[in-house]
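Please read the following model with its confidence values in view, beginning with the chain as a whole and moving on to its helices and strands.

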Amino acid sequence: AIAAQWSAASGTWIEIGEVTGTNENAGTVDGVAYDHVFPLEVEDPATGGVRKLRIGYNNGENQFVVAQRFVDANELPQYHLAQIADYIRQRAGADAGPATLGMEAAPGAGGGTAAPEPMDVAAVPQQFAAYAHLPVRGYKSFETGATEQGLGKIVAKAREFNSTLTTNLTTEEIGP
């Protein structure tokens, strides 16, 4: 493969050289290409089993930003954030960007190019309460109260609550 650079002055591509070497950890996650793709195993409290996930990381990215994006996308508890960011830093090695804004990665954190072992985030003791019903993972429908009489009771209760507020909403803001 040839490496090229766009020259805005001449409006042409300038050949820089040849691309050599490969990254064993490169891959894609959900159709997005990454410089590194690492396996993660997460305990699934809903099934009692283990979810096998993959996290993508590009060289120079902030590990905490990548970890937060991963936690959000997979609806994981927030207390896994630091552990996942450290895992990325250890696995990406010299290619890892700064751990936090304005701070350099720890010296000697290089990790080589061996295939990474999956990280078991379930080994970390749970520090916060886990909720069985939050966040809601899908659409919920309520059959009870779907009648005109039931909906009238719901609207009446909403109006009763609204009357206790210091700034009242108008009927137009509440709706019919």
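The protein chain has a mean pLDDT of 73, and 62% of its residues reach 70 or more, where pLDDT is the predictor's confidence in each residue, from 0 to 100. This is a predicted model, in which local features need pLDDT of at least 70 and side-chain atom pairs count only at pLDDT 80 or more, while totals for chains, interfaces and linings use all residues. Residues are numbered from 1 along each chain as its sequence is written, and side-chain values use heavy atoms, with hydrogens and water left out.

Confidence is highest in helix 1, at 91, and lowest in strand 7 (residues 119–120), at a mean of 57; helices (H or I, at least four residues) and strands (E, at least two) are DSSP runs, numbered from the N terminus. Over residues 98–115 the pLDDT is below 50, although this stretch has 28 contacts in the model beyond near neighbours in sequence, contact meaning heavy atoms within 4.5 Å. Where pLDDT is low, the predicted coordinates should not be read in detail.

Turning to the helices, the axes of helix 1 (residues 63–73) and helix 2 (residues 81–92) come within 8 Å and cross at roughly 125 degrees. The contact draws on residues of helix 1 including Phe64, Val66 and Phe70, and on residues of helix 2 including Leu81, Ile84 and Ile88.

Among the strands, strand 5 (residues 36–43) and strand 6 (residues 50–57) run antiparallel and are joined by 8 bridges, where two strands pair if DSSP finds at least two bridges between them. Phe38 stands opposite Ile55 in strand 6, and Pro39 stands opposite Arg54 in strand 6. The hairpin of strand 5 and strand 6 has 6 residues between the strands, and in this hairpin Gly48 takes a positive phi near 80 degrees.

Definitions and conventions
Axes are lines fitted to C-alpha atoms, for helices over the stretch in contact, and angles run from 0 to 180 degrees between N-to-C directions.
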